[in-house]
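Here are some notes on this entry for someone opening it for the first time. Please read them beside the sequence and the structure.

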2 protein chains.
Amino acid sequence: MDMRIKCTVSYDGTGYSGYQVQPNKRTVQGEIESVLTKLHKGQKIAISASGRTDAGVHAKGQVFHFDTPLRLPEDKWSVAMNSLLPPDISVHKAEAANADFHARFDAVEKEYRYFIHLSSVRDPFKRNYAYRFPYPLDLEAIEAAKKYLIGTHDFTSFCSAKTEIVDRVRTLKRIELLQEDDMLIFRFVGNGFLYNMVRILVGTLLEVGQGERQPYHIMEVLEKRDRRSAGKTAPGQGLYLWEVRY
Amino acid sequence: MDMRIKCTVSYDGTGYSGYQVQPNKRTVQGEIESVLTKLHKGQKIAISASGRTDAGVHAKGQVFHFDTPLRLPEDKWSVAMNSLLPPDISVHKAEAANADFHARFDAVEKEYRYFIHLSSVRDPFKRNYAYRFPYPLDLEAIEAAKKYLIGTHDFTSFCSAKTEIVDRVRTLKRIELLQEDDMLIFRFVGNGFLYNMVRILVGTLLEVGQGERQPYHIMEVLEKRDRRSAGKTAPGQGLYLWEVRY
């Protein structure tokens with residue numbers, strides 16, 4: 001009988017056209033599946049992740065699962081996979097899971113972080129790992145605005161207009177702002193996130209921080225349920241899928 | 001009359017075959033000179049740096065100078081250069097210098113840092129920016145060994161055998177070990193460094209930290225004046241030219 005393996009993986013999204021397999025594109029899923037297929041001597045192995053990430057978006061703790069007929073000790077899976085994976089993908093942990101475990105449907109909480117480099121001077125070492133923002137920000141206004149977002153809401157205004165999912169109600173449990181030197185970090189914890197949701201939340205909160213929107217205006221944006229009422233989509237390279245909790 | 005401009009530049013060395021121009025290779029000097037030549041409408045502009053860096057080696061504060069017939073306000077040079085430079089090179093500062101200032105000959109002190117990622121698990125975000133070292137290290141032994149290196153010595157044993165410079169006497173003013181989470185940072189301050197010197201110093205100190213050499217053995221290595229008596233050359237991606245002082 002096949003065994004189900006759960007893996008935690010981090011990746012630098014810079015060199016990828018996103019997580020999900022696309023024809024003729026370098027994708028994270030494509031790299032991992034090709035390595036697993038090699039380890040299974042050509043037998044095609046498909047993986048299921050907790051969700052997709054876009055081009056340039058990073059992961060510190062993405063989770064996926066797959067089924068295997070091989071009887072490898074669970075801790076050997078990460079060694080075997082890492083020996084074949086490119087250096088910008090690393091499996092941190094592999095463990096045996098219940099046969100009905102599902103990386104996507106069993107996730108109860110996700111954490112994303114968004115890194116903003118507050119600097120007028122560009123930094124070659126941060127260019128792919130943060131969004132450089134050279135304008136002054138009113139952090140108190142952002143703190144005031146985020147209160148309207150926390151809780152259970154229909155987040156239609158904060159997801160890509162291309163989203164096909166009908167139920168856009170999600171619960172945002174926490175939004176935290178941390179500052180470390182010239183880096184401003186947004187931490188988002190919720191039960192689930194819609195397509196582009198974190199990037200649109202960040203883009204909109206930055207407009208509040210610049211005084212282009214009043215904090216209470218966020219309430220109206222939520223009520224409108226229209227993508228056009230929210231702010232810009234912040235760029236992908238600042239975003240990290242940080243952790244998935246089960 | 002031409003004006004001499006002094007620039008401080010940082011670069012991510014990952015995508016470069018080193019600092020110095022080489023035919024058909026992407027080099028930091030090549031990128032900067034091509035941008036300056038564009039800004040001078042085709043007039044070839046050459047730059048002189050404080051020293052070279054090898055393939056994959058980074059700089060936080062490399063310094064170079066050039067001469068220009070243009071009368072641009074000094075603070076405009078960095079804006080103009082950065083608008084044309086690739087994102088992995090960034091000019092932090094540009095200032096008018098005396099006509100006899102020389103980035104290489106006037107440097108009185110240089111600081112290099114070497115980053116070691118102490119981890120058995122590879123980290124996609126550190127792969128190009130540190131040397132991953134998964135073995136235990138005796139930091140006290142390294143601290144004991146470094147004392148033999150501080151001061152004025154003939155560092156022939158600690159420079160590439162290919163070095164053509166005859167005078168290999170240099171003064172190492174300071175070697176410091178800093179630990180931040182799983183990152184061990186070596187800080188080297190000296191009046192000048194020979195080719196590959198920091199990388200060979202690090203490689204040799206790591207052998208001391210692993211118990212492969214006794215700390216006092218460093219004294220013998222110095223005395224032998226033979227590259228073969230020292231340890232391995234640590235890889236380039238952990239090294240940063242941190243600062244040049246004048």
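1. The UniProt record, an unreviewed entry, places the feature "domain: Pseudouridine synthase I TruA alpha/beta" at residues 9-106 and 146-246 of chain A. The model itself is predicted, and the values below are computed from it. Residues 9-106 of chain A are 21% helix and 26% strand, with the end C-alpha atoms 17 Å apart. For residues 146-246 of chain A the figures are 22% helix and 31% strand, and there the end C-alpha atoms are 26 Å apart.

2. The domain assignment has other bounds: chain A is divided into domain 1 (3-97) and domain 2 (109-245). The C-alpha centres of these two domains of chain A are 28 Å apart. Contact between them involves 16 residues of domain 1 of chain A and 15 residues of domain 2 of chain A.

3. The size of an interface is often expressed as the accessible area lost when the parts come together. Between domain 1 of chain A and domain 2 of chain A, about 1,100 Å² is buried, and 55% of it lies on carbon and sulfur atoms. Which three residues supply more than any others of the area that domain 1 of chain A buries against domain 2 of chain A? They are Asp54(A), His58(A) and Lys60(A), with 42% of that area.

4. Two copies of a chain are related by a rotation about an axis and a shift along it. Here, chain B is superposed on chain A by a rotation of 180° with 0.0 Å of shift along the axis, at an RMSD of 0.0 Å. This is the relation of a two-fold axis. Within chain B, the C-alpha nearest the axis belongs to Phe125(B), at 5.3 Å from it. Of the interface residues of chain B, 100% are also interface residues in chain A, so the copies meet through the same surface.

5. Over all chains, the structure holds 26 aromatic pairs. One of them joins Phe133(B) and Tyr135(B): the ring centres are 5.4 Å apart and the planes are at 85°, an edge-to-face arrangement. Angles over 60 degrees count as edge-to-face, which is why this pair is classed that way. Are the two partners, Phe133(B) and Tyr135(B), buried or partly exposed? Phe133(B) is buried, because its relative accessibility is 4%, under the 20% limit. Tyr135(B), at a relative accessible area of 49%, is partly exposed.

Terms used
Residues numbered from 1 in each chain as written. Chains lettered and ligands numbered in written order. Predicted model: local features only at pLDDT ≥ 70, side-chain atom pairs only at ≥ 80, totals over all residues. Heavy atoms only, no water. Phe/Tyr/Trp six-rings, centres within 6.5 Å; stacked < 30°, edge-to-face > 60°. Buried < 20%, exposed > 50% of the residue type's maximum accessible area, 1.4 Å probe, protein only. UniProt positions renumbered as here; feature names shortened; annotations may be inferred. Helix = DSSP H or I, 4+ residues; strand = E, 2+ residues; numbered from the N terminus. Least-squares fit on C-alpha atoms with pLDDT ≥ 70 in both. Contact = heavy atoms within 4.5 Å. Domains from an automatic or database assignment. Buried area = accessible area lost by both parts, 1.4 Å probe.
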